[in-house]
Amino acid sequence: MLEAFDGVLTAMAYAAAGLAVFAVVWAGFVLMAEGGDPRNAGRARNAVAGALLGLAVVLSAKAIAVVLRSGIVPIP
C-alpha cells in the first residue's frame, strides 16, 4: 500500500513540475502580450506565484511521505 502511495506522489511531483514550467512560460507570454505595462503585470506575477506555491505544496507532500516512510517519525 505504501509503495502505491509513493508512486502516486511521485507521479504528482512530476506532473506538478511540468505544469509549473508551463505556467511560468505562459506567464511570460502574458507579460509580453500586455506590453510590460506595470498595471497589468499582476496577472503574470500571480500566475508565477501560484505555480511555485502549487509546486511547493506537492513537493512538501512528497517530502513528508519520505520522512514517514523512512521511519524518522514513527507512524502510530
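These are my notebook entries on a predicted model of one chain.

**Ground rules**

I number residues from 1 along each chain as its sequence is written. Because the model is predicted, I take local features only at pLDDT of at least 70 and side-chain atom pairs only at pLDDT 80 or more, while totals for chains, interfaces and linings use all residues, and side-chain values use heavy atoms, with hydrogens and water left out.

**Entry 1: overall form**

I looked up the secondary structure and found two helices and zero strands in the chain. Helices (H or I, at least four residues) and strands (E, at least two) are DSSP runs, numbered from the N terminus. The chain is more spread out than a compact globule, because its radius of gyration is 17 Å, well over the 11 Å that the globule rule gives for 76 residues. That radius is taken over C-alpha atoms, and the rule is 2.2 Å times the number of residues to the power 0.38. Along the principal axes, I find the C-alpha atoms in a box of roughly 55 × 20 × 10 Å.

Next I looked up the surface. The chain has an accessible surface of about 5500 Å², and 76% of this belongs to carbon and sulfur atoms. Accessible areas come from the Shrake-Rupley method with a 1.4 Å probe, and for residues only the protein chains shown count as cover. Of the 76 residues, 18% are buried. I use buried for under 20% relative accessible area, exposed for over 50%, and partly exposed in between (1.4 Å probe, protein chains only).

I also checked contacts (heavy atoms within 4.5 Å). Of those between residues at least 6 apart in sequence, 61% join residues at least 24 apart.

**Entry 2: helix α2**

Helix α2 covers residues 42–70, which is 29 residues. From first C-alpha to last, α2 reaches 41 Å, close to the 42 Å expected at 1.5 Å a residue. The expected span is 1.5 Å times one less than the number of residues in the helix. After α2 comes Gly 71, with a positive phi near 90°.

Which residues of α2 are buried? I list Ala 44, Ala 51, Val 58, Lys 62 and Ala 65.

Leu 52, in α2, is partly exposed at 48% relative accessible area. Ala 56 and Phe 29 are 27 residues apart in sequence and 23 Å apart, C-alpha to C-alpha.

**Entry 3: salt bridges**

I searched the whole structure for salt bridges (a side-chain nitrogen of Lys or Arg within 4 Å of a carboxyl oxygen of Asp or Glu). The search gives two.

One joins the side chains of Lys 62 and Asp 6, at 2.6 Å from N to O. Lys 62 is in helix α2 and Asp 6 in helix α1, so this pair ties together parts 56 residues apart in sequence. Lys 62 counts as buried because its relative accessibility is 18%, whereas Asp 6 is partly exposed at 24%. Not counting residues up to four places away in sequence, Lys 62 touches Asp 6, Leu 9 and Thr 10.

Arg 43 forms a salt bridge with Glu 34, and their closest N and O atoms are 3.7 Å apart. Arg 43 is exposed at 57%, while Glu 34 is buried at 19%.

**Entry 4: helix α1**

Leaving aside neighbours within four places in sequence, I find Ala 16 in contact with Leu 55 and Val 58. Between the C-alpha atoms of Ala 16 and Met 32, 16 residues apart along the chain, the separation is 24 Å.

Met 32 also belongs to a nonpolar surface patch with Val 21, Phe 22, Val 25, Trp 26 and Phe 29, which together have about 680 Å² of accessible area. Patches are made of residues with over 30% relative accessible area and no salt bridge; like charges are joined within 9 Å, and nonpolar side chains (Val, Leu, Ile, Met, Phe, Trp, Tyr) within 5 Å.
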